Amino acid sequence: MLTIHREANTEPERLRRLVEDLGATGRTFVFPVHPRTRKVLDEHGIEPAPAIRQIAPVGYLEMLALVAGARAVVTDSGGLQKEAYWLEVPCVTLRPSTEWVDTVRVGANTLVDPDDAGRLGEVLERASFPADAPELYGNGRAAAAIADALYTLTRGRGD
């Protein structure tokens, strides 16, 4: 699974290098192409390798399904890093830093500076989701806890 959409990564020469480096990994990627990325690919004649299977942009639920079915996610998206964590899919982030530092700290996410993307094959080879990964962002039961708290607060009020 692959997404590239940040302005810095869609600069033509960087995007060309990224898709070349990704194509050289020997892996197959599903690549929902963001409109900004599509424009740069088309305007600059950048043609990703056949193993990078370009598809039209998808909605949120379709994106989650793609992530859930992936062996790994390669992205420059902030949100997708966190969703990969929730879905227990290893993530490789094409950025020198991330707002989700905890995912990196626990070994579920690896940062790769886009200017050093030649090592993507090696990074993807080692990418795995840690068996002992903590619940960094909650346990997924917040709605039930809120409903219980509201019920408790309103009980006995005669409402």
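**Close-up views of a predicted model**

View 1. Asn109 belongs to strand 5, which covers residues 109-111; helices (H or I, at least four residues) and strands (E, at least two) are DSSP runs, numbered from the N terminus. The model shown is predicted: local features need pLDDT of at least 70, side-chain atom pairs count only at pLDDT 80 or more, and totals for chains, interfaces and linings use all residues. Residues are numbered from 1 along each chain as its sequence is written, and side-chain values use heavy atoms, with hydrogens and water left out. Asn109 counts as buried because its relative accessibility is 3%; buried means under 20% relative accessible area, exposed over 50%, and partly exposed in between, with a 1.4 Å probe and protein chains only. The side chain of Asn109 makes polar contacts with the side chains of Gln81, at 2.9 Å, and Thr103, at 3.0 Å. A polar contact is a pair of N or O atoms within 3.5 Å; within protein, one must be able to donate a hydrogen and the other to accept it, and residues adjacent in sequence count only if both atoms are side-chain atoms. Beyond its neighbours within four places in sequence, Asn109 is in contact (heavy atoms within 4.5 Å) with residues including Cys91, Val92 and Thr93.

**View 2. Glu88 in a loop.** Glu88 lies between helix 4 (78-86) and strand 4 (91-93). With a relative accessible area of 56%, Glu88 is exposed. Its phi is near 60°, a positive value in a residue other than glycine. Most residues other than glycine have a negative phi.

**View 3. The largest nonpolar core.** This core holds 22 residues, and those with the most contacts inside it are Leu2, Ile4, Leu22 and Val74. A nonpolar core is a set of buried Ala, Val, Leu, Ile, Met, Phe, Trp, Tyr and Cys residues joined through side-chain atoms within 4.5 Å. Among the elements that give it two or more residues are helix 1 (12-23) and helix 6 (120-126). Helix 1 gives the most, with four residues. Leaving aside neighbours within four places in sequence, Leu22 touches Leu2, Ile4, Phe29, Ile52, Val74 and Leu120.

View 4. Val67 is part of helix 3 (residues 60-68) and counts as buried because its relative accessibility is 0%. Not counting residues up to four places away in sequence, the contacts of Val67 include Met1, Val73 and Leu87.

**View 5. Salt bridges.** There are 10 salt bridges, each a side-chain nitrogen of Lys or Arg within 4 Å of a carboxyl oxygen of Asp or Glu. Asp115 and Arg14 form one of them, at 2.9 Å from N to O. Arg14 counts as buried, at 15% relative accessibility. In helix 5 (residues 101-105), Arg105 and Asp102 are three residues apart, about one turn of the helix, and their side chains meet in a salt bridge of 3.4 Å, N to O. Arg105 is exposed, at 58% relative accessibility, whereas Asp102 is partly exposed, at 28%.
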